[in-house]
Amino acid sequence: MNYKKAAEINENISWRDITPGCNIYEGGTSDTVATGEWRTMRPVLHEDKCKQCLLCVPVCPDLSIPMEKDGKRGGFNYFFCKGCGICAAVCPFGAIEMIPEEK
Amino acid sequence: MKDMVEIRWHGRGGQGAKTASLLLADAAFNTGKYVQGFPEYGPERMGAPITAYDRISTERCTVHSNIYEPDYVVVVDETLLSSVDVTAGLKADGAIVINSTKKPEELRSRLKGYQGKVCTIDAGKISVETLGKNFPNTPMLGAIVKISGVVPEKEFIQDMEGSFRHKFASRHQVIEGNIKALIRSMEEVQVG
Amino acid sequence: MGIRERLSGNEAIAYAMKQINPDVMGAFPITPSTEIPQYFSTYVDNGEVDTEFIPVESEHSAMSTCIGAQAAGVRAISATSSCGLVYMTEMLYVAASDRLPITLAVSTRALSGPININNDHSDAMGVRDAGWIQLFAETNQEAYDNYLQAMRIGEAVSLPVMICQDGFITSHAIENIELAEDDKVRKFVGEYHPDNALLGRENPMSVGAFGMPCYYMECKRQQAQAMIDAKEVIRRVGEEFGAMTGRSYGLIEKYRMDDAEEAVVIMGSSAGTAKAAVDELRAEGKKAGLVKIRSFRPFPAEELVEALKNVKAFAAMDKDDSFNAHCGPMFAEIAAALYAAGETAPKGINYIYGLGGRDVRLESIRRVYAELEQIAATGKTGETYRYLDVRE
C-alpha cells in the first residue's frame with residue numbers, strides 16, 4: 001500500500017503511486033494549506049477602536065481570529081485568512097479596515 | 001431421483017402449513033435424509049391460500065423449483081377444495097390427506113377424478129381435544145408421516161418430542177398435547 | 001468433518017456472522033434479507049457476539065454506518081435486498097472508492113414495478129459497476145461458504161464484498177448444510193488490524209478526500225487494479241477454504257463441460273436446477289454442459305473463454321434485463337470476452353429468465369438446451385435476445 005502523507009501527493013503522481021481512494025495517511029492536513037496566499041485584501045485591526053465585543057470571532061469562516069486566554073481576541077492569523085472581509089463588515093465600531101494586499 | 005419424495009402443502013395464512021412443512025423437513029433431516037423445506041412466498045395475509053413444499057431424498061437434490069408432480073398433497077383447510085386445484089399433478093400412486101370431518105369417499109367427487117388414495121383426518125377436533133385450540137398443523141403433520149412413511153413413526157415421535165421440548169421448554173402441557181395430537185392423528189387418519 | 005445441520009440461507013449467513021463475530025453491524029430491514037439482521041440481533045442480545053448492532057433509519061444510513069466503522073478501523077457488515085440495495089447505492093460507490101473491505105449480504109430480489117417481492121438479480125446487477133466484489137451462491141451451503149471467505153478476500157485487496165444468494169429460493173428454504181467448527185472459522189478468517197485507521201492513534205489517516213481531475217483518474221485506475229488483483233485472491237482463498245472443509249471454490253464452476261457441445265452459463269440457485277437438466281440430457285446421450293459463474297465481479301473473462309471456446313452453442317442466462325433493446329449484462333460481458341480473445345466460433349444466445357420470482361423449472365432449462373441443439377446443428381442463432389417462459 002502507498003501510505004503517503006499530504007506533502008508526498010502531487011499532480012505528477014502515477015496511478016501506481018497514488019494513495020488508495022486518495023486517502024491521506026496523516027491527520028490535520030489543512031494545517032499545511034496556506035489559504036492566506038489567496039488574499040487580495042488584508043484586514044487590519046485598529047486596537048484603539050476595538051471594544052472586544054467579539055462579534056468578529058465566530059463569523060470568520062477560516063477560524064483566523066484566535067481567542068486568547070484573557071478572553072480577548074488576538075491578532076489575525078494571516079497564514080489562513082483569505083481576506084474575505086466579513087469581520088470588517090460585522091464590526092460595529094469600524095475597528096477592522098480592509099487594505100490592499102501587497103505581495 | 002428414484003427415492004425422492006415430494007410433498008405439497010395447501011393451507012391458509014396463519015394455519016401453520018409452512019411451519020408444518022419445515023417440521024417435516026426437520027424430522028426427515030434427523031433420520032439422515034437430505035431435505036428441502038420451502039414455502040412459496042407472495043403477499044401473505046391471514047386466511048389467504050398459501051403453498052409450501054418438502055423434498056426428501058437420500059442424495060442431495062439440486063433442483064430449486066416448486067413441485068409440480070408431488071407424491072403427496074396435504075390440505076390443511078377443507079374450504080380450499082373449492083378454490084384451489086389441490087390434486088394438480090398429484091401422482092396416482094400417491095395420496096392426498098385432507099383436514100375434514102368427512103369420510104374419504106365423501107370428498108373424492110370433489111377431487112377432479114383423482115384416482116389415488118384419498119385420506120381424511122379431523123385435525124380440528126384432535127387439536128381442540130389435545131391442545132385446547134384449533135391448530136390443525138400438528139395433526140396434519142402426524143397424518144402425512146403415517147400415510148407417506150417418509151419418516152419411521154417411532155423415530156418421528158421421539159424426534160418431535162425433542163423439538164417441542166426445545167420450543168416450549170417451560171410449558172409441559174403444550175409438549176404433551178402436541179405429542180398426543182401426533183399419535184392420535186396417526187391412529188385416526190382414514191384411508192379411502 | 002464439519003457439523004451436519006439444516007438451515008435456510010438467511011440462517012446460514014447469520015450463523016457465519018456469529019462465528020466471525022464482526023465489530024459493527026449497521027442494518028435496516030427489507031424482505032427477503034430481514035431475517036439476517038433479525039437472527040443476528042438475537043445473537044447480539046444473548047451476548048454470543050460482541051458486535052455493536054446499530055439499527056438505522058434507512059439503507060443509505062446502514063451503509064454510511066459501515067463506512068464510518070470500517071474507516072475507523074474495525075470490521076463492519078450489513079445485509080439488504082432489492083430497493084434497499086438501490087437506496088444504499090450512493091454509499092456503495094463511496095465504500096469501494098475509500099477501499100473499505102465491508103461485507104454485505106444480499107438476498108437478491110426484483111425491483112418495482114410492478115411491485116414484487118420475489119427473486120431475480122435486478123438489484124445486484126444494478127450495482128455491478130459500484131466497485132464491489134460480487135460472489136453469487138447456488139445453495140445455502142455456498143452462501144455460508146462464500147461469507148466465510150468474504151473478509152479474507154476483501155481485506156487482501158481493500159475492496160468491499162457483496163455475498164449474494166437468491167431471495168426466498170435459498171434464503172428461506174431449509175436445506176442440509178455442513179458448518180465449520182467455530183475455532184476453525186476464527187482461525188481461517190483471522191483478525192482485522194488495518195495498518196492505518198481513522199481511530200488509529202499511532203497511524204492516523206484522512207478518509208474521503210476530494211479528488212480533482214488531476215487525481216481522480218489515477219485513483220480509479222488503481223481501484224480497477226485492485227479488482228484485477230482480486231481474481232487471484234479469490235482463487236487462493238477458495239483453495240485454502242477447500243483444504244479446511246473439502247469444498248474448494250474458484251471464479252467459475254464447470255459442470256460436465258469436458259466434451260460439451262451445448263452449454264448454459266448461469267448464476268445462482270437455478271444453476272442447481274440446470275445441473276439436474278444436464279444430468280438428464282447426458283443420460284440421453286446428449287453433450288450438454290454447464291458453467292456457473294460464482295464471481296460476477298471480478299468478471300471471470302479468461303475462465304469463461306477457456307470453458308466455452310470449444311462448445312458449438314451456448315446460452316447466457318440473465319436473471320434481469322438491461323432494457324437496452326439488445327441483451328442482458330451477463331451475455332454482453334461473455335460476448336465481449338470471447339470477441340476480445342478472438343474466439344468467434346461458439347454461437348451464443350441470451351435468455352432473460354426468472355424475473356420477479358417466475359419459477360425456473362427443469363423443463364424450462366431443457367427447452368434452452370433444445371434450442372442450443374438446433375443452433376449447433378444449423379449454425380444459425382436467430383434472435384439472440386430472448387425471454388424464457390413468457391406467455392406469448
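Helices (H or I, at least four residues) and strands (E, at least two) are DSSP runs, numbered from the N terminus. These views come from a predicted model, where local features need pLDDT of at least 70 and side-chain atom pairs count only at pLDDT 80 or more, while totals for chains, interfaces and linings use all residues. Residues are numbered from 1 along each chain as its sequence is written, chains are lettered from A and ligands numbered from 1 in the order in which they are written, and side-chain values use heavy atoms, with hydrogens and water left out.

**View 1. Seven strands of chain C make an open sheet.** Read across, the order is E3-E2-E4-E5-E7-E6-E12, and the pairing is mixed (two strands pair if DSSP finds at least two bridges between them). Strands E3 (52-55) and E12 (295-297) of chain C sit at the edges with a single partner strand each, so one side of each has no neighbour in the sheet. On average, neighbouring strands are turned by 20° against each other, direction ignored. Zoom in on E2 (residues 24-27) of chain C, and you'll find it paired with E3(C) in the parallel sense over four bridges. Gly26(C) stands opposite Ile54(C) in E3(C).

**View 2. Asn140(C) is buried in helix H7 (residues 140-157) of chain C.** Its relative accessible area is 0% (buried means under 20%, with a 1.4 Å probe and protein chains only). A polar atom of the Asn140(C) side chain lies 2.8 Å from the backbone oxygen of Leu7(C). Among the residues that Asn140(C) touches are Arg60(B), Ser8(C) and Thr170(C), not counting residues up to four places away in sequence (contact means heavy atoms within 4.5 Å).

**View 3. The largest nonpolar core has 50 residues.** Such a core is a set of buried Ala, Val, Leu, Ile, Met, Phe, Trp, Tyr and Cys residues joined through side-chain atoms within 4.5 Å. Met63(C) and Trp132(C) are among those with the most contacts inside this core. Helix H3 (residues 59-72) of chain C gives the most to it, with six residues. At least three residues come from each of domain 1 (3-245) and domain 2 (252-387) of chain C, with bounds from an automatic or database domain assignment.

Note on methods: Polar contact = N/O pair within 3.5 Å; in protein donor to acceptor, adjacent residues only side chain to side chain. Axes fitted to C-alpha atoms, helices over the stretch in contact; angles between N-to-C directions.
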